[in-house]
Amino acid sequence: MLDKHGKSLKVSTYKVENQFVKMTKFGIWFFGLMAVISLVSAFLPNDDGVLKLASVLVMLVCTIILGGFAYYVYLTFRNFPSCSISIDNDGLWYAEQGKADGLIEWREICSIREKPKLQKLKLYNYEGKRLIDIHYQLQSFNELRNILAEKVAVNYLSIHEPIFKKGIGHHVFNIFVISGFIALAFYGYFHFSTLLFWSVVFIVAACLHEYLSGYHKVYIKDGYLRAKSHLRSKSYDMENVTEVVMLDEFDKGSRIPNVGVYCGNESGFKIPSLGSSAIEIYIILKNIIMDKKKGS
């Protein structure tokens, strides 16, 4: 079996990147050392030579919390070998498990879900069974994700007029949060100070702008790619769409996937995860563009 360039895809293994391994080791030592220091400090007497029960209890609680962090980081470190992924033309599998026992063929994959909070992709089959997890912290993750998108693209060929949109939970959450800040603003105005009122008003304005201006629905209809927010609506002829790419934002070390769409000389725009994961949006739009190019 050959890839789209007519070349055989050799077996490749993607392990957790070295920088993340080093950071995890540092976390184990740091939290472990802080736990030991807290434990020792709990039983150090005051200047008068007396142990205060309150101080001992506080330091013991700190010891338990810091020790818990150290243990959690240690468990994460210990699980690194089981996160490694191997791939070839037939499919992918956990490297530790081996191809013979763990092979998941590319054709089995029909759903890819992104879990930014957990920093990984979850792959599912047609029966809804979870097949494998791909962690963002793997070396050359972008390369692995591109190969995944290329290999499973054929599984999404039947989708011609997709609709990507935020769920009702997104709207309910935003309305609830904004309403809460508005109530807090008026409560602060009547019971505290105008400074608190205007501070919260600024927060409300920022939240409203984020909610109302962000795209909540993107779909293809009658050959046009349409993007809608509460404040604006844009329409692009699919014939003018020249490129679709994966874009990643990084917030405090966390990867947040998005899709970039470029339309000829016009400025492009960014699509967040909208019901479907960013990688699925990328695959589907890429398929449609390639299909139009073949037909032209």
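**Before you start.** The model is predicted, so local features need pLDDT of at least 70 and side-chain atom pairs count only at pLDDT 80 or more, while totals for chains, interfaces and linings use all residues. Residues are numbered from 1 along each chain as its sequence is written, and side-chain values use heavy atoms, with hydrogens and water left out.

**Stop 1: the largest pocket.** Select Phe20, Thr76, Leu118, Gln119 and Gln137, which of the 25 lining residues are the closest to the centre of the largest pocket. About 890 Å³ of space lies in this pocket. On a 1 Å grid over the protein atoms alone, a pocket is an open set of points where a 1.4 Å probe fits, with protein on both sides within 12 Å along at least five of seven lines, and lining residues have an atom within 4 Å of a point. Grid points are joined across faces, edges and corners, and the volume is the space filled by probe spheres set on them.

By class, the lining has eleven nonpolar, nine polar and five charged residues. Here Ala, Val, Leu, Ile, Met, Phe, Trp, Tyr, Cys and Pro count as nonpolar, Asp, Glu, Lys and Arg as charged, and the others, Gly among them, as polar.

**Stop 2: helix H1.** Which element provides the largest share of the lining of the largest pocket? H1 does, with five residues. Select residues 18-42 to see this helix; helices (H or I, at least four residues) and strands (E, at least two) are DSSP runs, numbered from the N terminus. The end C-alpha atoms of H1 are 36 Å apart, which agrees with the 36 Å that its 25 residues should span at 1.5 Å a residue; the expected span is 1.5 Å times one less than the number of residues.

Now pick Val21, Thr24, Gly27, Ala35, Ser38 and Ala42, which are buried in H1. Buried means under 20% relative accessible area, exposed over 50%, and partly exposed in between (1.4 Å probe, protein chains only). The buried residues of H1 pack against H2 and H3.

**Stop 3: the loop between S7 and H5.** Glutamine 137 sits in the loop between strand S7 (130-135) and helix H5 (141-152). Is glutamine 137 buried or exposed? Glutamine 137 is buried, because its relative accessible area is 17%. Beyond its neighbours within four places in sequence, glutamine 137 is in contact with Lys15, Val16, Glu17, Phe20 and Gln119, where contact means heavy atoms within 4.5 Å.

Serine 140 is found in the loop between S7 and H5. Serine 140 is not a glycine, yet has a positive phi of about 55°. Most residues other than glycine have a negative phi. Serine 140 counts as partly exposed, at 45% relative accessibility.

**Stop 4: the largest nonpolar core.** Select Leu92, Ile109, Ile112 and Leu148, which touch the most other members of this 54-residue core. A nonpolar core is a set of buried Ala, Val, Leu, Ile, Met, Phe, Trp, Tyr and Cys residues joined through side-chain atoms within 4.5 Å. Helix H8 (residues 278-295) gives the most to this core, with nine residues.

**Stop 5: isoleucine 288.** Stay in helix H8 and select isoleucine 288. This residue counts as buried, at 10% relative accessibility. Leaving aside neighbours within four places in sequence, isoleucine 288 is in contact with Ile159, His160, Pro162, Ile220 and Met238.
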